[in-house]
Amino acid sequence: AGMLWGQLPSVTDYNVRPTAILAPTGTIDSGQSVIPRLVIRNMSSIVAAPVNVWFFIDDGTPNGYYDSVMNLTMSERSVDTVEFTGWIPRGRDSMDVSAWVYWQGDSMHKDDTLRRRILVRVKDIAVTQIVVPAPGDTFDAGAQFQPQCRVWNYGNVSLNFDVRFRIGEY
């Protein structure tokens, strides 16, 4: 009825998608506070609203880390960085991070989710036993001995460190 095919918008023109997980990334330390951040882009030539955004970290806790931002409005062809509530990793080793968006007008759902793996590094070194002098050992004045202790790495990374051994008052 008077409208040409070339005048209709492409179905792929209606698309809001995450483009980058800014945090957490790479290797982070257990106990370090992290503000999860996600970049999202409105690829559409129209205002996208409401856009709902979710962030999930499978961190080994019963429910993992989960947060969302609802009812975001994005102007046409815009980019926005969404920040979520802080997360403090308590687990260790490799973890999965997922972020996804939902916009009712989206016609390209295959690019609505991003995933990445991160490493939570744990630095945990402990002296587990003093071998020499053992509790109750006595030595003659002036006697020499080589102090010895056992050190255990409870963490998940190799570390180099100095051990200082002191006998007597500080």
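Me: Which residue meets the side chain of Asp-29 in a salt bridge?
Reply: The side chains of Asp-29 and Arg-121 meet at 2.6 Å, N to O, a salt bridge being a side-chain nitrogen of Lys or Arg within 4 Å of a carboxyl oxygen of Asp or Glu. Asp-29 belongs to strand S2 and lies 92 residues from its partner in strand S8 (strands are DSSP runs of E, at least two residues, numbered from the N terminus). The partner is Arg-121.

Me: What kind of model is this?
Reply: Residues are numbered from 1 along each chain as its sequence is written, and side-chain values use heavy atoms, without hydrogens and water. Local features need pLDDT of at least 70, side-chain atom pairs count only at pLDDT 80 or more, and totals for chains, interfaces and linings use all residues, the model being predicted.

Me: Is Asp-111 buried or exposed?
Reply: Asp-111 forms a salt bridge with Arg-17 at 3.8 Å, N to O. Asp-111 lies in the loop between S7 and S8 and Arg-17 in strand S1, so the pair ties together parts 94 residues apart in sequence. With a relative accessible area of 18%, against cut-offs of under 20% for buried and over 50% for exposed, partly exposed in between (1.4 Å probe, protein chains only), Asp-111 is buried.

Me: What is the relative accessible area of Arg-117?
Reply: Arg-117 forms a salt bridge with Asp-96, the closest N and O atoms being 2.4 Å apart. Asp-96 is partly exposed at 32%. Arg-117 counts as exposed because its relative accessible area is 51%.

Conventions. Helix = DSSP H or I, 4+ residues; strand = E, 2+ residues; numbered from the N terminus.
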